[in-house]
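Please review the following briefing alongside the sequence and the structure. The points are grouped by topic.

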Amino acid sequence: MRSDIIKQGYQRAPHRSLLRATGLKDEDFNKPFIGVANSYIDIIPGHFFLNKYAEIIKEEIRKAGGVPFEFNTIGVDDGIAMGHNGMLYSLPSRELIADCIETVMNAHSLDAMICIPNCDKIVPGMLMGALRVNVPTIFVSGGPMMAGKLSDGSVLDLNSAFEAVGAFESGKIDEKRLHEIECNACPGGGSCSGMFTANSMNTLCEAMGVALPGNGTIPALTPEREELLRKAARRIVEIALDSKLSEQFKMRNILNKKAVHNAFVVDMAMGGSTNTVLHMLAIAKEAEVDFNLSDINNIASKVAHIAKIAPALSSVHMEDINRAGGVSAVMNEVAKRNSSLGMQCEGFAKFPEARTPSVLTSENPAKTSTATPQNTRILEFSHDTATNYWIICCRKEEFDKWIKWINRRKEFDKNKNDEWDWCKGENKECYEQMKIGNKALLYVSGKGEQRFRGIFEITEKGKKDSYGECISFKHTGDLNITANTIESRQDIISLYQDKYSIFTQKNTLLARKTFYKTNKEQFEAIVKLGEAVDYWIAGYYNNEVEEELKKSGKWPWDKHNKSGKTRRLRKCGECSKKMKEGDKVLTYAFGERKFDGIFKVISNTKDSITLEYIDEKLNIDINDVSSEIKKYYEESYSFFDKNGDAKQGTYFKTNKEQFEAIVKLGNILHLDALTITGETLGEHIAGTEITDTEIIHTNENAYSQVGGLKILFGNLATQGAVLKVAAVAESMKEFKGKAICFNSQAEAIKGIASGKVKAGNVVVIRYEGPKGGPGMQEMLSPTSLIMGMGLGESVALITDGRFSGATRGACIGHISPEAAEGGRIALIEDGDEIEISVSRGELNLLVDSKILESRKAKWQEQGIAKQIMQDKNITSKWLKRYSLLVSNAANGAVLKTEL
């Protein structure tokens, strides 16, 4: 154990003596020492009860065989620090918290840790500290506050109280209403009830795998929350007691590049606070993960925004998300957007209850493999009872009638079996040998249909209908195997040599009789063909396709195909001749240098190949394909050349492993990421469905097909700026306005409250970045005033500072470079025109570059930044030191460790 350095050996007798003074006994020195990093503080609503939570956790740690040591960090309540100089200390407190965690854990060499955060900077501060310590760590927060209610039944939260101030100042509500809102907005303990910074970070802990399911959404001070505390305590001791697990679940093994990526995916899906960008960039740096602002837009383009929570939607709060399935349901739904990726089997008919089966293995047919068949669903059956095997033949018109009848019957009785009754007719010899439990393959013949279509089981024999004595077959699985496929397989043809063979000497398939007897080997040979899928890459230089993709992001499907789900490629070369129905195809656009679609072959005729899309939203740049994946491609049909670029050509053969390695790059969530539970993220969220689609939407019914945050670039933000697009009115997503400038938040509050800001303005608040603030104050008060005064859809606000998670409206923050370091935001003057374009992802100052050069020279010559900083009269030694060492928002506002 790591803690052995302070407790084992004769040289550590003094250390043990000190530890005995805290109550330890002989038996405790062989147990793991668990740090319980608490953030209890009376003044923060999300933290005043955490001392009681720590007692529960410590009790459970002792029961599980560990020794808990509680210690505390500081905490700042952003809401209480808001609107005055207290907010200068909020963001800097994150660095102090990280330092505290690192100091206590490393000074005492504790083996593992449970962190109990809840609000704002405390969560990221603890995450940063835990990454430095790098021992197994579980995060279990205090939990979200319940939403408040007014006497008229309307739901409210902290943001309602801030906006009520603006409404009161503009005369929209009276003092009595203001007081009622004040008294009900925060009804009890917990992190503020909307998707503000605290709850955003607590949900992201789930996405990163460092917290148990429910961490972000189970309400505070509930029995469910208490049970979560106990589970976390038991799990951390379980890990700490096992040296292998302790190594496996070190913090950096979980919170790595995949975890950071997954956090941003969930952030996009749920429209989290813009502060998460600032904190996640800092966390990524602590984890030594290369991640920057431009990566965020790439993620946002692939994630649907499926959950709107206050402040974006004032009627929905964290308790509602919890009831609707929680963060796990959100992640599971997000994963579905790209989950098929060509790997799922297709249906035989509309049988909603059909199960995905086990597949018989050739080595031991009585056992099963967990592999998923590609064109078939086969239900496991007992070989003890299935002594006989059969092939049923019918004409296509009969088959179509049966499918139509089955689907109509399903409309009236969903519990009805998918059965088909066959008359004994002239097939007396076969009929007599058939037994209940026997298996049969269905072969359908006729124009355009020469294929095996299904697997059936005999369920009843001897019943009578108007056609005479019948036998009943129940559908148990799907097949889609063409006659051409079988005719090309001499190994299968050679199996069918007895007198009941359905194959002629010319190896063609017939359907003259109704029943043919077969055997186990013959039966399984055809069944296994359902898995015989080949994999291909189809490259193209189709200008029409490329132009349409650039223009609309959609495929220019065959104009004659109204479903919009197929496309045709011309045949070229030997590979195209070998492609068969059911094969999987990755399409690669040479002009775009991207894998852009996943298809299956539905026909291969003399001149063309018709593909049906499985996922046309694939968007994998050739640069994202790792050298490890490219190593797969070393056979004669290799798609990659020696330099790692795509070879020019039309069709390339590949295999399942190679195909899936590239396809998996299209999974927006890294489902193979490890979580502290011991499961992968995919296992962790499997089967967690949305229970209320009014609260958490499906991908198909998303609020937007892109994520809830947007990074803007442009001449005002060459290193980036952040916008919570989920909380922006449609009318404000493309906006031009005249600048009105303030050199501090205090100036802005006075100016807005006095009526200086009018419709059509862009409010500019500068010198409030990490360095210029110092401390990067949150701008909830000015944004709430704008909303409360009814200007939310006619006024924008830009700043090098940041916003509260409760902020809504066209509010752009984190502008980098910031004013204090000479960013262009420092050069804006009243009346300048500023353009915001969400669709283009741009923030621009529409002033001639020569004028800006002149302003920059004047700014430098007059030392304007120094003057403004002096006027702020910052006397705090800590804040002065912070200002000297802090980086800008685009770099996570982390402190420099080297000068």
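This is a predicted model: local features need pLDDT of at least 70, side-chain atom pairs count only at pLDDT 80 or more; totals for chains, interfaces and linings use all residues.

Residues are numbered from 1 along each chain as its sequence is written, and side-chain values use heavy atoms, leaving out hydrogens and water.

**Salt bridges**
- A salt bridge is a side-chain nitrogen of Lys or Arg within 4 Å of a carboxyl oxygen of Asp or Glu; the count by this rule is 34.
- K258 forms a salt bridge with D672, with 2.8 Å between the closest N and O atoms.
- This pair links distant parts of the chain, 414 residues apart: K258 lies in helix 13 (residues 257–270) and D672 in the loop between helix 26 (656–663) and helix 27 (681–685).
- D672 is partly exposed, at 39% relative accessible area.
- K31 and D28 form a salt bridge at 3.4 Å, N to O; K31 is partly exposed at 24%, whereas D28 is buried at 13%.
- A network of salt bridges links E59, E60, K63, E226, E227, R230 and R234.

**Helix 9**
- Helices are DSSP runs (H or I, at least four residues), numbered from the N terminus; helix 9 covers residues 197–208.
- Helix 9 is largely enclosed by the rest of the structure, because 12 of its 12 residues are buried.

**Cysteines**
- The structure holds 0 disulfides, a disulfide being a pair of cysteine sulfur atoms within 2.5 Å.
- C470 is buried at 2% relative accessibility, and C741 is buried at 12%.

Note on methods:
Buried means under 20% relative accessible area, exposed over 50%, partly exposed in between (1.4 Å probe, protein chains only). Helices (H or I, at least four residues) and strands (E, at least two) are DSSP runs, numbered from the N terminus. The expected span of a helix is 1.5 Å times one less than its number of residues.
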